[in-house]
Amino acid sequence: MYRYDEFDAAFVRQRVKQFRGQVERRLAGDLSEDEFKPLRLMNGVYLQLHAYMLRVAIPYGTLSSRQMRRLAHIARTYDRGYGHFTTRQNIQYNWPKLSDVPDILDQLAEVEMHAIQTSGNCIRNVTADHFAGAAADEIEDPRVYAEIIRQWSTLHPEFSFLPRKFKIAITGAPNDRAAVRFHDIGLQLRRNEAGEVGFEVIVGGGLGRTPAVGVRIRDFLPKQHLLSYLEAILRVYNQLGRRDNLYKARIKILVSQTGAETFKDLVEDEWQQIKDGALTLPAEEIARIETYFAPPAFETLEANQPAFEARRFEDRDFARWVRSNVFAHKAPGYACVTISLKPEGEAPGDATAEQMEIIADLAERLSFDEIRVTHEQNLVLPHVRLSDLAEVWETLTAAGLGTPNVGLVTDMIACPGLDYCNLANARSIPVAQRISQRFSDLNKQHEIGDLKIKISGCINACGHHHAGHIGILGVDKKGEEFYQITLGGSADEKAAIGKILGPAFSYDDVVDAVENIVQTYLDLRQDGERFNDTYARVGAAPFKEKLYAAA
């Protein structure tokens, strides 16, 4: 895990001191809200529907137990006892007082955390595969390069005021768990024919008003050219991206308007001017950063652990949790554990201060002091011995964190919606809660199998609804909440944008509609097909017929 050096520590402290002065001036009336807005956004402070919101960066989703305990302390001391983990692997506090935010940032700095560039038209938190450094299918740990990008992009003088916010994601595995094709820049580690490791570069993905799957502009980029190539992409975007229209300012619009080949040529032309200059990454610098992410001291264990297998055979509830929440690890005798933050009837992604502390204790004792945040609003203990899984499960279950539903119908992504956000048209959280309650039968959930539902309260798509197998978009119709449904979306290596099924459903009817869609899928699927496979085979017609026949 990366640790601050003297420069990092001094830099973050300086930023906190600057922002403390800015907050004091705002509270004294020396700054108007319009004058204060760009200053607070650069420090992760939003003005939401009812209060300020603070978004704290968790670079590439990696946390220590000490850091998690500090997040819990902040939730208990300065908020309402909980935090909300987001799709950018960050945490949000929805109710801090503005006067307290500098103190919060000071306390975050003590544990090597900050809120810099978690908002504003800049390069946001770089996200990564939540199983990075642990995944059985991984080529290399992508966090090494995410950290290099973080250092390069933080307060970059040329890219601090881009046409629009800019998001980068990176994965080190062929199975995409970081949704790289729905980012402004997506990076996937690959091996070329010579066995060398480099990057496939994908540009122009994104959701929101005009969703787009990113396009590949380079099959293989050698590691030493990573920063110069990113700089070339950002320069082209910064020069040509639109600033006259908020809705056409993202890089996906530029790529669409110029065409992928023309955009690639523009980047390559810019890159040729800078590729062998100061931004060339020395091998020794990559190696230096790699030392921070060296694998933990794994024990030499047998892949088969008899006590674990016996418990799984004897205890049906434990077996069900293992089936959905435990994933393959590259080290024999270990596993990755996903902790569901989607218990029945609760807001997706929320965790109480007490739960955060319990997770921190488990990580410290049983997961080499590491915790991860997923872009699907769950948490991960990345390095757990198979022999410790039963204890982890028992502890999580007692804390209300043992729901065995990861990847299932109730493991939903949901934005804050109209309960918090002043941009939203409709509520998201109550819809997610009602769906969770409708499908509360765990046996039914496991019968349905892998199914991703994603819910957004407005067209900005913070709930990633376009990328859901079933996507739900809240819309406003003459002051009433309605919900448009899309089918067939996906955020993995087979990235796809869901297609609108038909007319929107009312708040009262949308959960019935989702249940009808799921039942139609179960009636139609063959040989254990996943939802999108069935949808691709039969098309939208059977689903439309089921939902709209009465109308």
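The lining of the largest cavity comprises 9 nonpolar, 3 polar and 3 charged residues; Ala, Val, Leu, Ile, Met, Phe, Trp, Tyr, Cys and Pro count as nonpolar, Asp, Glu, Lys and Arg as charged, and the others, Gly among them, as polar. The model is predicted, so local features need pLDDT of at least 70 and side-chain atom pairs count only at pLDDT 80 or more, while totals for chains, interfaces and linings use all residues. Residues are numbered from 1 along each chain as its sequence is written, and side-chain values use heavy atoms, with hydrogens and water left out.

**Cavities**

- The structure holds 7 cavities of 30 Å³ or more; a cavity is a set of points, on a 1 Å grid over the protein atoms alone, where a 1.4 Å probe fits but cannot get out, and lining residues have an atom within 4 Å of a point.
- The largest cavity contains about 190 Å³ of space, a volume being the space filled by probe spheres set on the points, which are joined across faces, edges and corners.
- This largest cavity is lined by 15 residues, of which Tyr2, Pro59, Tyr60, Gln67 and Glu112 are the closest to its centre.
- Strand S3 (62-64) and helix H5 (143-153) are the elements that give two or more residues to that lining; helices (H or I, at least four residues) and strands (E, at least two) are DSSP runs numbered from the N terminus.
- The second largest cavity holds about 110 Å³ of space.
- Among the 13 residues lining the second largest cavity, Ile116, Gln117, Arg124, Asn125 and Arg150 are the closest to its centre.
- The lining of the second largest cavity divides into 5 nonpolar, 6 polar and 2 charged residues.

- Strand S2 (residues 52-56) pairs with strand S5 (residues 91-93) in the antiparallel sense over 3 bridges, and Arg55 has Gln92 in S5 as its bridge partner.

**Strand S9 and its partners**

- In strand S9 (residues 197-203), 7 of its 7 residues are buried, that is, under 20% relative accessible area, with exposed meaning over 50% and partly exposed in between (1.4 Å probe, protein chains only).
- Strand S8 (residues 185-191) and S9 pair in the antiparallel sense over 7 bridges, and Glu200 in S9 is the bridge partner of Gln188.
- The hairpin of S8 and S9 has 5 residues between the strands, and Gly195 takes a positive phi near 85° there.
- S9 and strand S10 (residues 215-222) run antiparallel and are joined by 5 bridges, with Gly198 opposite Pro222 in S10.

- Most residues other than glycine have a negative phi.
- Asp369 is not a glycine, yet has a positive phi of about 65°; Asp369 lies in the loop between H12 and strand S14 (370-373) and is partly exposed, with a relative accessible area of 25%.
- Asp527, also not a glycine, has a positive phi of about 55°; Asp527 sits in the loop between helix H16 (510-524) and helix H17 (531-538) and is exposed, with a relative accessible area of 83%.

Technical notes:
Pairing = 2+ DSSP bridges. 1 Å grid on protein atoms, 1.4 Å probe; cavity = no way out; pocket = protein on both sides within 12 Å on 5 of 7 lines; lining within 4 Å.
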